[in-house]
Structures are given as structure tokens and as C-alpha cells.
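The stops below go from a pair of side chains to the chain as a whole.

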Amino acid sequence: MKFRRVLLLTIAATFIAGFFSFAAWNGAGAPWSVPAAHAQLAPGLTEIGGTIKLPSTDPRVIAARIINVALGLVGVILVVIIIYAGFLYMTSGGDAEKTQTALKYIRNAVIGLIIVLSSWAIARFVIDRLISATGEGGGG
């Protein structure tokens, strides 16, 4: 019960601190309002952009690459687990407990591979549709 009270007080304090950190006193207007941000372009930004050489790759393509690398890494790890479980199965020597452990590893790794392949297919479908819907210029 005490833990629940401490947890609720911590959550409430976090929300109150967040509210006060984003709100600002505006003497002329409403008492609590967020000040407007005024972004201006400096005259030397084109020179800076040429100097730092940022990539012009579309962020959606970058996200797709990150997803492919992450899911590929997880897939390789799962294949290594399947190979390890096969090794355990082959060296179990007829021990039922070792055989069941190896079969559990294989079953879980195969389920993991199915999940990874499904998520890769879904992510690829969504990103392809997003890129084709927004077009090259970002508008439809």
C-alpha cells in the first residue's frame, strides 16, 4: 500500500513539474502560456550546409535501412540459437531432459524467426506504401 502511495505521488510530482517547466508567465497575456518560438534563417546557412555535408537521403529510406539492419541482426541471432539447439540435441546422448531443452530452444527460435520475418514484411509494406503515397517531393 505504501509503495502505491509513493508511486502515485511520484507520478503526480512528475506531471506538475512537467507542467511548470513548459508553462511560462506572460505578464501581458494569459497567466500561463507557452511563449512563441521565432525561428529565423541566418544569412550564412547555405555555406554552413555545404561545409558540414549532411546527406540528402530521404529520412524514410534511412528508417527502412535501420529496420532492415536491426531485424537482420535479430534474425542472425535466432539462426545461431537454432544451430546451438541442434548441437545440444545431437549431443544429448539420449537424455530426455537435454533433448526437451534443445527442442524448446528450437521451437522458440523458430517462433522468433516467424515474428521477425512477419515484422520485416509488415515494415517493408508500410514503408513502401508511405514512400509511394508521399511521392518524391513530399506532396501528393
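A polar contact is a pair of N or O atoms within 3.5 Å; within protein, one must be able to donate a hydrogen and the other to accept it, and residues adjacent in sequence count only if both atoms are side-chain atoms. The model is predicted, with local features needing pLDDT of at least 70 and side-chain atom pairs counting only at pLDDT 80 or more, while totals for chains, interfaces and linings use all residues. Residues are numbered from 1 along each chain as its sequence is written, and side-chain values use heavy atoms, with hydrogens and water left out.

**Stop 1: Thr99 and Ser92**

Select Thr99, which sits in helix 4. Helices (H or I, at least four residues) and strands (E, at least two) are DSSP runs, numbered from the N terminus. Which side chain does the side chain of Thr99 make a polar contact with? That of Ser92, at 3.2 Å.

Thr99 counts as buried because its relative accessibility is 16%; buried means under 20% relative accessible area, exposed over 50% and partly exposed in between (1.4 Å probe, protein chains only). Not counting residues up to four places away in sequence, Thr99 touches Tyr89 and Ser92, where a contact means heavy atoms within 4.5 Å.

Now select Ser92, in the loop between helix 3 and helix 4. Ser92 is buried, since its relative accessible area is 9%. A polar atom of the Ser92 side chain lies 3.0 Å from the backbone oxygen of Tyr89. With residues up to four places away in sequence left out, Ser92 touches Lys98 and Thr99.

**Stop 2: Gly86**

Move to Gly86, a residue of helix 3. Is Gly86 buried or partly exposed? It counts as partly exposed, because its relative accessibility is 24%.

**Stop 3: the largest nonpolar core**

Select Leu71, Leu78, Ala109, Leu113 and Val116, the five residues of the largest nonpolar core. Such a core is a set of buried Ala, Val, Leu, Ile, Met, Phe, Trp, Tyr and Cys residues joined through side-chain atoms within 4.5 Å. Helix 3 (59-90) and helix 4 (96-134) are the elements that give two or more residues to this core. Helix 4 gives the most, with three residues.

Centre the view on Leu78. Apart from neighbours within four places in sequence, Leu78 is in contact with Ala109, Gly112, Leu113 and Val116. In soluble globular proteins, nonpolar side chains tend to be buried together.

**Stop 4: the lining of a pocket**

Next, select the residues that line the largest pocket, among them Arg60, Asn68, Trp120, Arg124 and Asp128. A pocket is an open set of points on a 1 Å grid over the protein atoms alone, where a 1.4 Å probe fits, with protein on both sides within 12 Å along at least five of seven lines; lining residues have an atom within 4 Å of a point. Helix 3 and helix 4 each supply at least two residues of this lining.

**Stop 5: the whole chain**

Finally, clear the selection and colour by secondary structure. The chain has four helices and two strands, in the order α-β-β-α-α-α along the sequence. Of its 140 residues, 11% are buried. Among contacts between residues at least 6 apart in sequence, 53% join residues at least 24 apart.
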